[in-house]
Amino acid sequence: MISVRSLSHAFGTKQVLKNINLEVSEGEIVAIMGSSGGGKTTLLRCIAGLINATEGEVTVNSTSVYREPEKARLSMGMVFQSAALFDYLPVSQNILFGVRRHLKLNKRDEDALLTDSLARVSLKGSENLYPSELSGGMKKRVGMARAIALSPKVILYDEPTTGLDPITTYQIDQLITDLRKNLGVTSLVVSHDLASVQRIADRIAFLDQGEIVYLGPTAGFLQSDHPAIQELVQKSQTTTLL
Ligand SMILES: Nc1ncnc2c1ncn2[C@@H]1O[C@H](COP(=O)(O)OP(=O)(O)O)[C@@H](O)[C@H]1O
Ligand SMILES: [Mg+2]
């Protein structure tokens, strides 16, 4: 469903991604982990076609992201780290914003789509609230409702649980796996929360200084002897004990 081949990216002279290769099957949930500044967000943006990688190819649902960006983008939903909602628009307009750019729906179909998208993220009845009236977790869920409104095959998440309390994190994790179960969505999830990743991901890709240094099952990740991975694992164990 997602194929990244020999992808490299530089901002000016700064090489941020080096020869990334990643294949993600339909319905799979793959977590992208790694140190801060390691290139996780950049990789997600290169896959979404928001950045043209300096080298390499990306195809999503068999469409080249760089050669047919408009078509490729129709297969993808993106959940941004900051939720990225329009503060001056109610939840309904935030969700329908992208829909109206791509589909001409009558009022009844629009309402049905809105109701369905909100129900999937357990926010039924919130359409008239403004972002300032929402908690952090609710904002993330509105971001998810917006991403799923166009029934994408692929959803890209940038740190969907960062800054959330453990219970809300658990609910977002549940939603990500529900979307796979109910809609067969393929997911790439940037995260630094190992507990959350262990709950949801089939595989982990770990980025260190722009290179994938681990790509494999979530189970084998803990045994990796890469120093950056060992550090993350130890840090997570300490946090869990506290
Ligand atoms: N638009 C940009 N212009 C220049 N440098 C950038 C830009 N976006 C990110 N970077 C740099 O690329 C590196 C990787 O950033 P990023 O992908 O955001 O890392 P991560 O998400 O893993 O924390 C960082 O050193 C960052 O400063
Ligand atoms: Mg980032």
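1. For the residue classes used in this note, Ala, Val, Leu, Ile, Met, Phe, Trp, Tyr, Cys and Pro count as nonpolar, Asp, Glu, Lys and Arg as charged, and the others, Gly among them, as polar. The model is predicted, so local features need pLDDT of at least 70 and side-chain atom pairs count only at pLDDT 80 or more, while totals for chains, interfaces and linings use all residues. Residues are numbered from 1 along each chain as its sequence is written, chains are lettered from A and ligands numbered from 1 in the order in which they are written, and side-chain values use heavy atoms, with hydrogens and water left out.

2. The shell around ligand 1 (residues with a heavy atom within 4 Å of it) consists of Phe11, Lys14, Val16, Ser35, Ser36, Gly37, Gly38, Gly39, Lys40, Thr41 and Thr42. By class, this shell divides into two nonpolar, seven polar and two charged residues.

3. Taken alone, ligand 1 exposes 560 Å², of which the protein buries 58% (Shrake-Rupley method, 1.4 Å probe). Among DSSP elements (helices, H or I, of at least four residues and strands, E, of at least two), β2 (14-24) and α1 (40-48) give two or more residues to the shell, and α1 gives the most, with three.

4. The largest pocket holds about 770 Å³ of space; a pocket is an open set of points on a 1 Å grid over the protein atoms alone, where a 1.4 Å probe fits, with protein on both sides within 12 Å along at least five of seven lines, and lining residues have an atom within 4 Å of a point. Of its 31 lining residues, His192, Asp193, Leu194, Leu232 and Ser236 are the closest to its centre. The lining has 10 nonpolar, 14 polar and seven charged residues, and its largest share, eight residues, comes from α9.

5. The second largest pocket has a volume of about 670 Å³, and its 21 lining residues include Met78, Phe80, Gly98, Arg101 and His102, which lie nearest its centre. By class, the lining comprises 14 nonpolar, three polar and four charged residues, and α3 supplies the largest share, six residues. Because domain 1 (2-75 + 154-241) and domain 2 (85-151) both give residues to this lining, the second largest pocket lies between them.

Terms used. Points joined across faces, edges and corners; volume = space filled by probe spheres on them. Domains from an automatic or database assignment.
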